[in-house]
Structures are given as structure tokens and as C-alpha cells.
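Have the structure open as you read.

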Amino acid sequence: MLTWISENAKWVIYIFIIGIVAGLLFMDMSALQTDNRPPVGVVNGEKLSNDLFDVRLRQIQSQQQGLSNEQAAQMREELFRSFVQQHLMQKVIADAKIIASVYEMSRDLRTDPPQGIDREPLFQTDGIFDVSKYEAWLSDPSTYDIPFMVEYEKMLKTGKIPEKQLRVFIGAGLQPSSLEAKYRALKRETKFELLSAQGEANEFDDIAISQSTIDSVFKAELDSFFVADDLAKVNYVAIPVEASPKDVEDIYEYAKLLTAQIKDGADFADIARNSSDDPGSATQGGELGDYGPRGRWVMEFDSAAFALDSGALSDPIRTQFGYHIIQSLGKRIEDEVEQVKARHILLSVVATAETIDSLEAILTEIKTEVDKKKSFEDAAKAKGLEAKLSTWFKKGGEIPELGHMPGLSSYAFFNPLRPKDDSKTSDVMQNQKWVAIFEKAASLPAGSRSMDFAKPRIEQNLKAKAKSGAIADYLKTNRDRLEEADKVKIDSATISFENFLPGLGYANPALYRALSSAQEGQWSGPYVSAQNAVMINVLSKTVPSEEAMNAAINNELSMLWQYGSFSAFGDYMRNLEAGAKVVNNLDLYYRE
């Protein structure tokens with residue numbers, strides 16, 4: 001989850017902040033009213049609170065606006081998982097009788113203040129957080145009568161400090177030795193200057209794998225192919241959501257109408273603010289920044305903008321983004337380069353509601369025919385459409401060709417608490433690119449073994465292994481003429497055991513074996529990885545000095561416990577979560 005916090009998933013940050021600062025304020029579940037609705041989730045037979053989930057969700061939504069359906073569904077799933085983890089952690093803390101003392105709470109308030117408190121004007125001097133003002137505030141007994149502090153103290157006592165103690169307990173057995181630190185430091189600080197010759201994998205043909213070979217691997221390694229999550233397959237018919245010729249013509253006519261209004265005296269900036277589909281420029285009255293040279297925009301737009309005289313208005317111009325009405329705001333020559341300043345109104349060419357309704361009507365007819373006992377494939381074929389079979393996907397997953405489809409998980413993984421639907425197919429579903437209808441094809445419960453599920457993975461691994469072997473044979477055959485070999489790429493690099501080498505990967509056993517066994521000054525190998533094979537020629541090897549080693553060892557000792565403790569707690573929570581019996585009822589209350 002470390003890399004998932006990105007522009008498309010900012011709610012993770014808010015989940016964390018709210019969970020620490022505000023969410024745990026509601027840990028006193030006895031204060032909540034009795035809720036007769038089915039719970040939003042169940043963990044090991046214990047219900048999660050609908051009211052608390054609603055409160056947290058609203059807190060996050062107040063910070064996030066304009067989320068897509070996919071983002072909103074991911075946000076809810078991530079929040080639900082945080083609830084599960086928090087529930088499991090609180091159970092462990094209660095069972096272990098971990099409590100926070102007054103001293104620990106007081107120390108935490110001083111060493112790890114509440115999130116954002118350093119930005120409060122009350123504690124600032126000349127715009128900088130003033131520790132003395134904060135200390136004085138904490139020393140005032142009346143501070144602890146403030147509702148926020150009353151609730152924050154509850155959070156410290158029941159959540160934050162016990163969690164810190166639990167982390168310490170889990171990491172208490174970690175005792176990194178100086179011998180381990182020396183080994184790791186030597187691996188990191190020893191440098192190799194080398195040439196590597198790796199096979200160009202795309203130059204080697206895939207090797208066919210027989211079904212009998214796949215069967216033998218599946219039988220021999222049965223426990224490696226168990227299904228970790230409930231899985232489903234569906235048949236589906238999907239129609240792309242694209243503008244019809246009539247939609248295109250209507251947008252063009254509307255663009256001409258706006259052009260005529262501007263020529264008749266309407267304010268360009270007002271129309272841009274009210275009608276343009278370009279959010280970046282619409283708020284600026286359509287302006288596209290300062291003067292710029294050719295090549296700044298897509299070709300059609302660029303040509304039209306530079307063809308206009310200052311103040312002139314273009315006819316509607318079609319680009320990949322839609323129709324543009326462009327107005328030149330002036331030209332100039334700077335450093336002998338012609339530049340232009342422009343503004344525009346963008347009208348996106350998209351399918352209208354009428355067009356989408358017509359596509360949904362086609363799929364509704366297929367649904368009707370299937371419910372009348374016609375096969376899904378035949379009903380689709382009668383409409384000139386192809387029924388396809390999806391790959392396996394888990395709840396919350398998606399079909400790669402279609403992307404996230406709101407409602408698919410709820411249909412494919414039926415919740416027994418929902419009213420039963422006797423139809424053989426799903427309702428018509430839609431995302432930004434497709435309208436689709438689905439028919440359940442197969443399911444796999446977690447814990448089962450299935451050749452159908454395992455076959456693609458087994459076949460891919462066997463093909464990769466066979467190709468790596470073929471590359472190794474080629475390198476071995478051409479050992480004396482690697483520089484001239486057609487299917488070989490030679491690179492130079494300076495690396496350690498914990499770096500990346502193309503063809504062998506990053507800090508893995510294959511790289512370690514290669515660097516440990518290579519002979520200096522000659523081509524050694526080939527060394528085989530999961531995807532390729534490599535030969536290396538070590539030009540020089542540099543061992544760190546005693547002083548550098550001592551510094552590296554001290555640093556390793558400090559980092560080993562820190563990272564080890566973090567990793568141990570993460571493993572503990574993942575194992576706790578994996579072993580829990582969790583029922584997710586989000587689909588009862590929220591459409592994906």
C-alpha cells in the first residue's frame with residue numbers, strides 16, 4: 001500500500017488522518033443507537049457499526065470532491081479494510097490487557113502532538129509553531145475540559161498508545177547481530193564495475209507447453225495454486241460508448257451557434273466559463289496562458305491558432321478532444337520565433353443520453369431473450385454482437401478490457417442478504433467507456449484448487465523458464481563473440497549486491513550468485529533468472545575500507561531493528577487479517 005497513495009487515491013491520507021484524529025473519537029460504541037439494519041460488515045462474528053462507518057465516510061467525502069465511481073468504490077473498500085484492521089487490533093489490545101498510563105498520554109501529547117495542531121494560530125509566533133505556547137496550553141488544567149481534548153484523550157487511551165505498545169511487543173524479539181549487520185553492509189558497500197550481456201528476450205520465440213506438462217506441475221505443486229479469495233467468471237456483451245454521427249453533428253451545430261453569438265457581440269470569456277469542457281481554461285475565460293511557439297498544442301489547433309490575425313475568431317476546429325472555437329489574443333516575434341497567445345472554448349464530442357439509451361435498449365433486449373430461455377451467446381449474436389468470457393476476478397476486481405464497471409462485483413458475488421433476482425443476467429451496467437450486460441459463468445470459493453485458474457500462471461512460468469533456458473544456451477554458444485551476436489544486448493554498470501542489473505533483477509539470489517561466482521576479467525555465466533539469462537564480465541571489484549565498513553555496520557544495526565520492527569508488525573497485521581472471517585456488506589448500501 002506504500003505506492004497507492006497518489007493523485008487518484010488521496011482519500012487514503014484522509015482515512016489515516018481521520019482514523020487518528022477524529023475517527024477513534026467514536027470508539028465508545030455504547031453511545032450509538034441500536035441499528036436494526038444488516039451490519040456493513042462482520043469480523044469473526046462481531047458486527048461493525050453502520051453509524052460509525054457512515055460518520056467516517058462522510059468525514060472523508062467532505063475532504064474529497066468530484067470522485068469517479070471507481071475512486072468512490074476504492075475509497076469505501078479501503079475504509080472498510082481499515083475498519084477490519086482496527087477491529088482486529090482493538091481485539092488483540094483488549095485480550096492482551098494493554099492500557100495507556102497518564103504519564104504515557106502526557107508524554108505523547110508533547111512528543112507527538114495531534115495532527116495539524118502546529119498550524120493553529122494559537123500556538124504560533126511570527127508564523128512558526130511555538131513549543132512554549134503549546135506547553136503552556138497543555139499545562140492549563142482547563143485545556144482538558146475542551147470537548148476535542150476529552151475525545152482525544154479517549155483516543156490516546158484506547159487506540160494510539162496501545163497500538164504503539166503492541167508494535168513494541170511484536171518487535172521485542174528482534175535482536176539484530178553485528179554479524180548480520182556486517183554481512184549486509186559488505187553486500188551494500190562492495191562495488192562491481194562490469195559489463196553485462198543479456199539476451200534480447202523478444203528475439204526468442206515462445207516455446208509451446210503441452211497440457212500434460214501443465215497437469216504434472218499442477219499435481220506436483222497443488223498447494224501452490226489454492227485460491228486466496230472468492231473468484232468469479234462472467235460471460236459479457238459490451239458496446240463502446242461512442243458519439244453517434246448525429247451526436248457529432250449536433251455538437252458541431254452548437255459550436256457554430258456559439259461562434260455566431262460571439263461574432264454578434266456575446267462575451268467570449270463568459271461563454272467559455274459557462275460552456276467550455278476544458279476545466280483548466282474555462283475558469284480563466286478560455287485563456288491558454290502566455291505567448292508560446294508552434295508545437296505547443298495538437299497539430300490542428302496549432303495550425304488554426306497561428307493562422308488567425310490578432311482578435312480574429314476561428315470557425316469550429318475538430319481535434320481529438322472535440323470542437324474548439326479559437327480566438328487569437330495577439331502574435332509576436334521573440335528571438336526570431338513566432339509566438340501566439342490564444343483562448344478557446346472546447347465542446348467535447350461525447351455520446352448523448354439519447355445515444356446511450358439506444359445502446360442500453362439493445363442490451364435490454366438481449367436480457368429479455370435470455371430470460372425467455374435463449375442462450376446468452378445466441379441472443380448476443382442475433383444483435384450482431386459477440387459474447388465473451390472474462391478471466392477470473394475477485395470481489396472489487398475488474399475485467400481488464402472494460403475497466404471498473406459499477407455494479408459488477410455486487411452481481412458476480414451475490415450477497416445472501418440482498419433480495420434474490422431470478423433473472424439469468426445482470427441489469428445493464430455502464431461506465432465512461434462501455435455499456436455491458438453480464439451472465440454468471442463460474443465461481444471458485446476461497447481455499448479451493450482449480451486447474452482452470454492455475455493454468456495461465458503455470459503456462460506463463462513454464463514458457464518464461466523455457467525461454468530463459470534458450471537464451472542461456474544462446475549466450476553459451478556465442479560466449480566468444482557476444483559483441484557481434486544478434487540477440488544480445490551489452491551494457492556497462494557499477495553495482496553492488498543490492499542494486500539492479502537488467503536481466504537478473506534487483507537484489508535477488510540470481511544477482512548474488514552471479515556477482516559471487518564471476519571471474520574478474522572474463523565473461524562468466526550464463527546466469528538464469530525467471531525471465532532472462534545474463535553473462536557478466538567483472539572489470540573491477542572495490543571492497544570498502546575498514547572505516548567505511550564500521551560506519552556502515554553502525555548504520556545497519558540501527559536500521560535493521562527499525563525496518564525489522566515495521567516489517568514484523570506489518571506481517572502480524574496481514575496474517576491477522578488473512579486469518580479473520582470477514583463479511584463485507586458494502587454492496588447492500590453503496591452502489592460501486
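In what order do the 3 strands of the open sheet line up? They run E7-E8-E9, with antiparallel pairing. Keep in mind that this is a predicted model. As a bit of background, strands in a sheet are held in pairs by backbone hydrogen bonds, and they can be parallel or antiparallel.

- Going from one strand to the next, the twist averages 50 degrees.
- E7 pairs with strand E8 (residues 322-334) in the antiparallel sense, over 3 bridges.
- To spot this pairing, look for Arg318, which stands opposite Tyr323 in E8.

**Helices on that sheet**
- Helix H9 (residues 245-263) packs on the sheet and touches E7, E8 and E9. The direction of H9 makes about 45 degrees with that of E8.
- Helix H12 (residues 299-307) lies across E7, E8 and E9 too, running at about 55 degrees to E8.

**Pairings with E13**
- Strand E6 (residues 231-240) pairs with strand E13 (residues 434-444) over 10 bridges, in the antiparallel sense.
- Within that pairing, Ala232 has Ser443 in E13 as its bridge partner.
- Strand E12 (residues 429-430) also pairs with E13 in the antiparallel sense, over 2 bridges.
- Here Met429 stands opposite Ala436 in E13.
- What joins E12 to E13? A hairpin does, through 3 residues.

Notes
Residues numbered from 1 in each chain as written. Predicted model: local features only at pLDDT ≥ 70, side-chain atom pairs only at ≥ 80, totals over all residues. Heavy atoms only, no water. Pairing = 2+ DSSP bridges. Helix = DSSP H or I, 4+ residues; strand = E, 2+ residues; numbered from the N terminus. Axes fitted to C-alpha atoms, helices over the stretch in contact; angles between N-to-C directions. Contact = heavy atoms within 4.5 Å.
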